[in-house]
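Subject: A structure for you to explore

Hi there,

Here is the structure I promised to pass on. Please open it in your viewer and keep it beside this email as you read.

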Amino acid sequence: MVNNNSSPSSPGEDQNPNPDAPPPSESDIAIDALARKVQESLSLGKRHKFWESQPVRQFKDVGDSSLPEGPIEPPTPLSEVKQEPYNLPNFYEWITCDIDSEEMCTEVYNLLKNNYVEDDENMFRFNYSKEFLRWALRPPGYYKSWHIGVRVKSSKKLVAFITGVPAKIRVHDDVVKMAEINFLCVHKKLRSKRLTPVMIKEVTRRVHLENIWQAAYTAGVVLPTPISTCQYWHRSLNPKKLIDVGFSRLGARMTMSRTIKLYKLPDSAVTPGFRKMELHDVPAVTRILRNYLSQFAVAPDFDEDDVEHWLLPTEDVVDSFLVESPETHEITDFCSFYTLPSSILGNQNYSTLKAAYSYYNVSTKTPLLQLMNDALIVAKQMDYDVFNALDVMENESFLKELKFGPGDGKLHYYLYNYRIRQALKPSELGLVLL
């Protein structure tokens, strides 16, 4: 179980031990090529075996259709799960982070703000707000024990963090209880101390104590073995600022005024009945969302409590809009995005990039292109600088048309202790992890 701050691991040789098996899928071939590239780029000294010791789909198994789908290892009797935490190096100690405590939440916020995911050029760093962290870490049925910190014993300084939250995720026809693992962060000065594997083992141990044996996670690096690899796309809402801070560049033969004109949006949403989601809409939104997500190979199994938590608008955290038919008052369509700003590093004029991230969108009557254009319009009204989207679900159908451009970053999706025989295309994935 891991997140974006992990380092790549050593893939094995990829061979197909079953010559009569069907050929690997396009997604498998792409992941195999990616794995080989990582293998070649790593010096022998940097290769490590951690992920090869874990119950995850291994690179050497890509294309082997003889392996069964489903759990890789059976559950252990709870009495046999390790009861004591894993040992940390002498100077450090485990803590459970009470995210309800303002003081603790501030410590976590500052650790992430200064040490979490940066772009390759070290120009931007995710800046999750405290409100966002509370939303992300306290869904229905959450376990405080899964919010794990590492402190320096002497100074009590928080230097590392990893979390899990419970989720029900459907994989093909099976609904599986899982942990979603996120926010793995180690202080920059401690990256060489090998804290990451022991943190992953510790969160795994705590998840097992709740009789949950599978997990989902994402990473910006290639590990054994992605179930899907997705591309980030970006839509300029404030092109002048994005160019000024180096997020994007002025196109060839383009002036700033032409660029601003290119990305200009209408002043208000165009779809009749387009409005903000309210509490009384939860049952209707749950119905259309569950029906929509049923078509994807991997997707959350949301009930009304989940929809209320994850999708009911919370200021500067998540925004959701729907289309209510002016004639019948039926809820026909739904779109949502969450707020994840980035700190702008080393710029004299700007300190924050306000970014919206596409979340869950359902179109039944309003064309998806029109619905998402309305989402862009309201995001612009709310002073977002950029609107980001992964090419999951049906997102690919509107990206180019609505002037999104492909980003540099790829996001790899993983399952822990659950094998999917063939990798999925992004369009087969109905899951967005924060």
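Below is a short tour of what was found in it.

Please keep in mind from the start that this is a predicted model.

**The overall picture**

The protein chain has 10 helices and 17 strands. Of its 434 residues, 55% count as buried. If you take the contacts in the chain with a separation of 6 or more, 77% of them come from residues 24 or more positions apart.

Start with helix α3, which spans residues 130-137. How many of its 8 residues are buried? The count is 6, so this helix is mostly covered. The buried ones are Phe 132, Leu 133, Arg 134, Trp 135, Ala 136 and Leu 137.

Now bring in helix α2, residues 102-115. The two helices pack at an angle of about 105°, and their axes are 10 Å apart. That angle makes α2 roughly perpendicular to α3. On the α2 side, the contact is made by Glu 102, Cys 105, Thr 106, Val 108, Tyr 109 and Leu 112. On the α3 side, Lys 130, Leu 133 and Arg 134 take part. Sorted by type, the residues of this contact are 5 nonpolar, 1 polar and 3 charged.

Next, look for an open sheet of 3 strands, in the order β2-β12-β13, with antiparallel pairing. Its edge strands are β2 (124-126) and β13 (352-353), each of which pairs on one side only. To find the spot on screen, click on Arg 125, which stands opposite Ser 343 in β12. Helix α2 turns up again here: α2 packs on the sheet and touches β2 and β12. The direction of α2 makes about 150° with that of β2.

**A strand with two kinds of partner**

Strand β14 covers residues 355-358. Ala 355 and Tyr 357 point one way from it, Ala 356 and Ser 358 point the other way, and all of them are buried. In which sense does β14 pair with β11, parallel or antiparallel? That pairing is antiparallel, over 3 bridges. With β16 (residues 386-390), β14 pairs in the parallel sense, also over 3 bridges. Ala 356 is a handy landmark: it is the bridge partner of Thr 339, and it stands opposite Phe 387 in β16.

A disulfide is a covalent bond between the sulfur atoms of two cysteines. How many disulfides does the structure hold? The number is 0. Take Cys 97 as a worked case: the closest cysteine sulfur belongs to Cys 105 and is 9.9 Å away, which is too far for a bond. For comparison, the cut-off for a disulfide is a pair of cysteine sulfur atoms within 2.5 Å. Cys 97 is buried, at 0% relative accessibility. Cys 335 is buried as well, with a relative accessible area of 0%.

**Some loops to visit**

Asp 173 is exposed, with a relative accessible area of 75%. Asp 173 and Val 298 are 125 residues apart in sequence, yet their C-alpha atoms are 9.2 Å apart in space. His 172 is partly exposed, at 34%, and has a positive phi of about 55° although it is not a glycine.

His 329 also has a positive phi, near 65°. You will find His 329 in the loop between β10 (318-324) and β11 (331-339). Is His 329 buried or exposed? With a relative accessible area of 52%, His 329 is exposed.

One last stop is the peptide bond from Pro 224 to Thr 225, which is cis, with omega near -20°. Thr 225 lies in the loop between β6 (214-219) and β7 (228-236).

Happy exploring!

Note on methods: Residues numbered from 1 in each chain as written. Predicted model: local features only at pLDDT ≥ 70, side-chain atom pairs only at ≥ 80, totals over all residues. Heavy atoms only, no water. Buried < 20%, exposed > 50% of the residue type's maximum accessible area, 1.4 Å probe, protein only. Helix = DSSP H or I, 4+ residues; strand = E, 2+ residues; numbered from the N terminus. Axes fitted to C-alpha atoms, helices over the stretch in contact; angles between N-to-C directions. Parallel < 35°, antiparallel > 145°, perpendicular 65-115°, else oblique. Contact = heavy atoms within 4.5 Å. Nonpolar A, V, L, I, M, F, W, Y, C, P; charged D, E, K, R; others polar. Pairing = 2+ DSSP bridges.
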